[in-house]
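Welcome! Here is a short briefing to read alongside the sequence and the 3D view, arranged by topic.

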Amino acid sequence: MIDPGASRRLARQIVRADDLGAFVLDRRPSLGPDDFAGLKGEVDRLVEVDLTKAQPLADAIRRLAGIVGDTASGSFGDAAVAQVHYHAGRLSEAEPLFLSAVEGLRISRRPVDAAAVERQLVGLLHRQGRAKEALHVARKARRTLTRAGEDRLLAQLENNVGSVHYYTLSSYRTALGYFERAHQLLEALGDERSMSTVDYNRANVLLELDRPLEAIEIYELAERRFTELGMARAAAQCTYMAAYALSVLGRFGEALRSYFSARERLVALGDRVLGAWCNLYLAELHARLNLIDEAADLADAARSEFEALDAHEAEAARALLVRARVSQRRRDHDAAAADLVTAQKTFDAFGMDVLGADARLGRAELAVEAGDAGEGLRLAREAVDSFTRARLVGRRTRARLAEAAALQRLGRGGQALRIARAAVRSAERLSDPWLGCRAEALVGELEIDRGHHDAGIAALERSVAGIERLRLRLRPGEARAAFLADKLPAYERLVAVNLKRDDAVGLRAAFRYVEMAKSRALADLMAQHMSQMSKRELPRGDARVRQQISERLEQLNWYTTRIDDNAEKGGTRNSRLDAHFRTELTRCERELVSLFSRLEIEDAGLAGLLAAEPASLDELSSELGADEATVEYFFSDDRLSAFVVTRDGAEVRTSFADRRTVERHVTGLRFQLEKFGLGNLYAEAHRQALRRSVDHHLDSLYHLLFEPIAEAVSGKKLTIVPHGVLHYVPLHALRRPDGTYLIESAEVSYAPSATVHRLCERRKVSTSSRRDLLAVGLADKFAPHIAEELASIGRLFGEQVLLEGSNATKSAFLENAPGSRYLHLATHGQLRQDNPMFSSVRLDDGPLNFYDVFDLTLDAELVTLSACNTGVNRLAPGDELSGLMRGFLYAGAPSLVVSLWAVNDRSTCELMQTFYRHLQSGESKRAALRLAQLESLEQYGHPYYWAPFILMGKTS
C-alpha cells in the first residue's frame, strides 16, 4: 500500500533538490517503482488543485526516473508528465507519453498500473473525439481492473467511459448509467474525492436532461467537497457549471456572479483549459442577455485558447455557435451562417449528433429571420428529429418553436399555433422561463393573426410578465438595459392591439407598454438612487473591483493624452508607438466595461432589485399644470404615433408618419447642420443656402411630427418624449407654416420616458452647505470664448469654484461636484458612436466619461454640458441613454442641459450667459433656456447657432 503522506514528503524533497543524481545516490537502494507510483499519484492530486505546482514536480519525477533507470519508474515518470500536458490542454504531447507508460508498465508486469494509466488515456481520447478508440482502451482496462478487484480504479474508469458517452457520443442516459455505477462503487469505498468528480459529471448529464434544479444541488455538494479537499480547480469548475444551470432557470444575476467568481479563481490558478470553458459559457450567457460586444470578446478568447491548447476541434466549434449568435444579433447574417455551417460540419464529422443539431437549430432560426422560411422549416425539423432520438425535451421544444415560427411565415398558422401551445406546456414542465416567454409571445401573435384578440392579448401579457420577472433578476444597469433588446416586439404588439380597442382601457394599457419599453434600466437606477436603499446609505461594495476601475481610468487618461499629444504635433511621433497606444486604449476600454459589469453585479450600492413602476396616463395627467402638456412619441410597425397628455386627460394620434420618411428628413437635417464643421468662412459664404436647406427639413418635420398634434397642445408648455431617431431632432426648432419656429410659441423640454421625467420632477435636492456654482472650462484656439463664458457666468453667482486651464482636472471636478448647486462644464466634447459609454468632455488631464461620474452623489439642481454632441446617443433598443447623460442622471442630477450637435463657440458663450441670467432672475429652467434661445435666434437666425441645446429632466 502506497502511503500518500510519504509520497507528498518525497515530492517536496525532489522539487527542492539541487542535484537529482546526488539525491538518488543518497537514497539507494530504497528508491524504486512503488515510490514513483506514489509520486505519480501526487501529480494526479496536484493537477486538480494547482497546475503551476504539478508541472515542476512532474518534470522532476521524470528526470529522477531516468537517473534510477528501471522501466517501471520511467513509465510512471512519463505518465506524470502526460497528466500535466493533458490538464494543460496539450493533448498531442500527452498521448505518446501515456502510450509509452502503458507499454512500459505492461513490460514490467504491472497490469493494474497499466490499466490505471489506460483509464486516463480514455479521457484524452474522448477529448480528441476518438470515441471508438477510447471505448476499446476502456474495455481492456476494465477486464484487468475487474479481475484484480480494484474497485476504486474501476469506478474511475467507468467515470471516464461515462464522459465519452456524454461529451462525445451525446448518449446522455447511457452516460448517466456509467456515472451512477461509478458513484455506487466509490460510495462503498468512502472515496469522497473521486465521488465528487463523478457527481460533477452526473450533474452535467442531469442538466442536459432538463433537470437543472437537481444538477445545481449536486454541483453545490461537489463544490463543497472539493473545497474541503483543497481541490480549487475542480471547485471552480463546479461553480461555473452551476452558473450555467442557474442561467437555464433564468436566474441571470446569480449566474453572472458565479461565473465571475469561477473565472477569477481559474485565472489565479493559471488554468487555461477550464478558463477557456468558463469564458465560453459566460459568452453564451452574455449573448442571451444581448451584451453582444462582451459576448464576442469572450467567445473569441475561448476559441483562441482552445486552438492554442491543441484541443479537440469540437471545442473550438462550440465557440463558433456563440459567435454566430453574436453575428445574428448584429444583423450580420452571412457571418453567422458561415460559423454555423463550419460548426455543424465539425460536429457531424465526429458523430456529435446533438451539437450538430444545435448548429442546425441556429441555422433554422437565422433562416427564418433572414426571410427564408422554407429553409428554416427544413433545418428546424432536422433538429427536432435529432433531439427526439436523443430524448432531449428542452432542446426539442426549442427546435419545435423554430419550426412554428417558420410555419407562421409560410402562412400555416393553424399548425404553428398547435406547436406553440405545446411549447408553452413543455416550458412549464421544464421550468425554462425564457422558453416559456418566447412560446407565449408566438401564441399571442398567432391568436391575433386569427382574429382572436382577447386570447392573443392574454398570451402576450403572460409573455411580457415573464420577461419582466427575468429582467428583475438582473441588477439595474447595462445588463438590464441590454436584456430587452430582442424582446421589444412583444411590447410593441401589445401597444398596437390595445390601441385597436379604441377605448379608455386600451389607451391606458397601450401607454403602459410604451413606457415599459423605454429607458427602463435608467429609470430603475434613478429609482434606486432615490429609495431608502440609496447608495449613499449602503457600504461600498467590492473595493478591489473599484480600485481596478480606478486604475483602468488612469491608464485610459494616460493613453488618451499621449494620442492627443501626437495628433497636436501632426502625427510626427513614431507610428508604431502610436498604434501601440491605440491598442492599449482599446484594451483599457474593454476591461473597464467588463469591470463595471462586475461591479453592477456585486456592489451593494448597485445591487438593489428595485424597479421603477412605469408612469401611468392618469398619474401623468394629474401631475401636469393647467398650462402643460406631455407628448410621447412611439414607432410601431414602422409608423409614428403619439400620446398627448394634459391636465384634462389623454388622447392618442396613430400612424400619422412613416418611419422611413422621418428618417430621411432627420438624416438630411443632420447633414446640413454638420456642414458648419467646414468652418466660419464656408458658413458665411453659404449662409442663405444653408438656412434654406435646414428650414426645408424643419418644415417637413413639423408637418410630419407636430402638425397632427398641434391643436391639442396649443398654448401649452411642452415636455416631449422622443422615440428612436427623434432623439436626434431639435423638436423645439420645428418650423411652422407661418415661418416661425416652435420655440417662439412654446417652452419645450425633453425626457427619455415619462417614467424618467416623473423621477426627475420628484427628485429632491439638498440646499444646505452648498456653493452656488462649479464651473469648469478648457479654452484653446478652437474655442477661445470658453474663458469669457466662465467669467460671465461666474459674475452671476455668489460662492463658486472656477476651474480653468491646468486647474480644470478630473480630480478637482470630482472633488467639488458633490457640494455644488450648479455644475457647468464648458469644454470640447467627444461623441463615441461605437461606444457611447466613452463619450466624454475633455479636461486638462484626460476625458471625463460615464465611468468617472456614475459613482458621484450629487445635490446639484442642474448640470450643463456646454460642449459638442453631449446629448447625442447611439440609438439603443428600448431608447436607453448612454454616456455622460446617464452618469449624471444616476448620480442625482434632476436636470441636464446638453447639445445635439457640434456647437459654435461664440454663440454658445452668449446663449449660456443669457440662460443663467434668466435663471438667476427667477425663471424656470425651461423658460430660461427658451428666452436665451429666442435672443440667440434674433441675433443669429440660423438654428445651428441657437437650437443645439435642450433641457432634459426637471423643468422648474
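Helix H19 is mostly covered, with 13 of its 18 residues buried. In this predicted model, H19 runs over residues 353-370 and reaches 25 Å from its first C-alpha to its last, close to the 26 Å expected at 1.5 Å a residue.

- Just after H17, Arg331 has a positive phi of about 65°.

**Nonpolar cores**

- The largest nonpolar core is made of 113 residues, and Tyr240 and Tyr259 are the ones with the most contacts inside it.
- Helix H13 (residues 232-248) gives this core its largest share, 12 residues.
- Beyond residues up to four places away in sequence, Tyr240 touches Tyr259, Ala262, Leu266, Leu274, Trp277, Cys278 and Tyr281.
- There is also a second, separate core of 89 residues, and Phe706, Ala733, Leu825 and Tyr944 are included in it.

**Cavities**

- Rolling a probe the size of a water molecule over the atoms shows where empty space is left.
- How many cavities of 30 Å³ or more does a search of the whole structure find? The search finds eight.
- The largest cavity has a volume of about 160 Å³. It is lined by 20 residues, and those closest to its centre are His727, Tyr728, Gly871, Asn873 and Leu881.
- Sorted by class, the lining of the largest cavity holds 14 nonpolar, three polar and three charged residues.
- The second largest cavity holds about 100 Å³ of space. Its lining has 14 residues, with Ser839, Asn869, Thr870, Val872 and Leu884 closest to the centre.
- In the lining of the second largest cavity, six residues are nonpolar, eight are polar and none is charged.

**Loops with a positive phi**

- Asp210 sits in the loop between helix H11 (192-208) and helix H12 (212-228). Its phi is positive, near 65°, in a residue other than glycine.
- Asp502 belongs to the loop between helix H26 (488-499) and helix H27 (504-516). Although Asp502 is not a glycine, its phi is positive, at about 55°.
- Is Asp502 buried or exposed? Asp502 counts as exposed because its relative accessibility is 71%, and the cut-off for exposed is over 50%.

- Thr144 lies in helix H8 (residues 131-148). With a relative accessible area of 17%, Thr144 is buried, since buried means under 20%.
- Apart from its neighbours within four places in sequence, Thr144 is in contact with Pro111, Val112 and Ala115.
- Ala927 is part of helix H41 (residues 925-940), and its relative accessibility of 7% makes it buried.
- Ala927 and Val368 are 559 residues apart in sequence, and their C-alpha atoms are 51 Å apart in space.
- Glu744 is found in the loop between strand E4 (717-721) and strand E5 (748-750). Its relative accessible area is 35%, so Glu744 is partly exposed.
- Glu744 touches Arg930, Leu934 and Leu937, not counting residues up to four places away in sequence.
- Glu744 and Leu937 are separated by 193 residues in sequence, yet lie 9.5 Å apart in space, C-alpha to C-alpha.

Technical notes: Residues are numbered from 1 along each chain as its sequence is written. This is a predicted model: local features need pLDDT of at least 70, side-chain atom pairs count only at pLDDT 80 or more; totals for chains, interfaces and linings use all residues. Side-chain values use heavy atoms; hydrogens and water are left out. Helices (H or I, at least four residues) and strands (E, at least two) are DSSP runs, numbered from the N terminus. Buried means under 20% relative accessible area, exposed over 50%, partly exposed in between (1.4 Å probe, protein chains only). Contact means heavy atoms within 4.5 Å. The expected span of a helix is 1.5 Å times one less than its number of residues. On a 1 Å grid over the protein atoms alone, a cavity is a set of points where a 1.4 Å probe fits but cannot get out, and a pocket is an open set with protein on both sides within 12 Å along at least five of seven lines; lining residues have an atom within 4 Å of a point. Grid points are joined across faces, edges and corners, and a volume is the space filled by probe spheres set on the points. Ala, Val, Leu, Ile, Met, Phe, Trp, Tyr, Cys and Pro count as nonpolar, Asp, Glu, Lys and Arg as charged, and the others, Gly among them, as polar. A nonpolar core is a set of buried Ala, Val, Leu, Ile, Met, Phe, Trp, Tyr and Cys residues joined through side-chain atoms within 4.5 Å.
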